Amino acid sequence: MQNFDQLKDLLASPKRIVITSHANPDGDALGSSLGMYHYLKKQGHRITVIMPTEMPDFLCWMKDFDQVLVYENTRTFSTKIVKEAEIIFALDYNSISRIENMSSLVANSTAYKVMIDHHMYPEDFCQSVLSDTSASSTCQLVYEFIELMGDVNELNVDILNALYVGILTDTGGFRYATSARLFRIVASMLEFGIDNNKLSDLVFNSYTVKSFNLLAHCISDCLEIIEDCNTGIVAVSQADHKRFNIQRGDLEGVVNFILKIQKIRCAVLITERREIVKLSMRSKGDFSVQKICSTYFNGGGHKNASGGAIKKPFKEVIKIFKDVINNEYKDELTKKLMVEL
Ligand code: 5GP
Ligand code: MN
């Protein structure tokens, strides 16, 4: 970790610390933030977690979920806290723009900044950086950070439950982005008494009737399969938003369902927001959606899971995506898969 000794010295005495993560926080964003919060709080620091936008309801059972400030709802108070912070943690994001409405506030802060993240191509806005794209999740990296601090014996059930959530969500329940290194950490967590069955149930069996109906609608009415490119598109319009009263987070996970079709290698969820069209992409194997998102949609992420956004009419964005796939990636998407086990 870059400048680790400097950071360790700083953390040797109580500090005012703010933990931030990306807009529209997911399990890894919230898990890593709350895991770090419980750890640093135990060390005697004053910690505030501030998320740019609303948090996902399905994680409301997490310990101290209600202590997290949502910047868009608490601007004046949160701004004051960020301005008073001595250290700011940037967890689970690689680019300052991913904290949206908090970007300039954090960028202009004089606090010592620490990035812990696993996305490709981290931007240079933190003094201390732990960036590792081979990690399953930021939660895994927070666990390794605590190890690096020499504080494994400080781990407790609150820290580990929070970190387990992000590991579960970012690996899709241990289906991708796993490694022997991750499973060793998970084994330690289970030895500590973390309950995989209970946490998996809370995380994965978490649809509301509304979001389940919405998923059904996306699959039966909005899915288009481009057979000759092994690609699936779910496009959700503003009309759908009104009809289903779609809120932030309701479409979480929809894009992953497209990949359940055996031949599909590339999947995209295109959502028409009020001012912008958002894309969420997934792929299997060597096919990189990171490249598509960063080249055409002002985004990025990981090879197999990326996102982006573009200010163009909804229909035009769907066409741009189809043209890109058809003109540039058809061969790659249809080349024979050699399955070697
Ligand atoms: P999701 O599709 O679940 O929103 O995000 C998948 C991955 O892509 C996440 O790791 C996320 O950080 C990244 N990602 C999503 N949206 C954006 C975006 O607009 N810009 C960038 N740079 N990355 C994104
Ligand atoms: Mn993550």
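This is a predicted model: local features need pLDDT of at least 70, side-chain atom pairs count only at pLDDT 80 or more; totals for chains, interfaces and linings use all residues.
1. Ground rules. Local features need pLDDT of at least 70, side-chain atom pairs count only at pLDDT 80 or more, and totals for chains, interfaces and linings use all residues. Residues are numbered from 1 along each chain, chains are lettered from A and ligands numbered from 1 in the order written, and side-chain values use heavy atoms, without hydrogens or water.

2. The metal site. Which residues are the protein donors of the manganese ion (ligand 2)? They are Asp28, Asp92, His118 and Asp170, lying 2.1 to 2.4 Å from the ion. Donors are N, O and S atoms within 2.8 Å of the metal (3.2 Å for Na, K and Ca); water is not among the atoms, so sites may look incomplete. Asp28 sits in helix α2, and His118 in the loop between β5 and β6, 90 residues apart. Helices (H or I, at least four residues) and strands (E, at least two) are DSSP runs, numbered from the N terminus.

3. Burial at the site. Asp28 has a relative accessible area of 0%. His118 has 2%. Both count as buried (under 20% relative accessible area, 1.4 Å probe, protein chains only).

4. Asp240. This residue is in helix α10. Asp240 is buried yet has no salt bridge (a side-chain nitrogen of Lys or Arg within 4 Å of a carboxyl oxygen of Asp or Glu). The nearest side chain of opposite charge, Arg243, is 4.8 Å away.

5. Helix α12. Its buried residues are Val289, Gln290, Ile292 and Cys293. They lie on the same side of α12, because they cover an arc of only 165 degrees around the axis (taken from the directions from the helix axis to the C-beta atoms). Just after α12, Asn298 takes a positive phi of about 55 degrees.

Conventions. Buried means under 20% relative accessible area, exposed over 50%, partly exposed in between (1.4 Å probe, protein chains only). Lys and Arg count as positive and Asp and Glu as negative; His and the chain ends are not counted.
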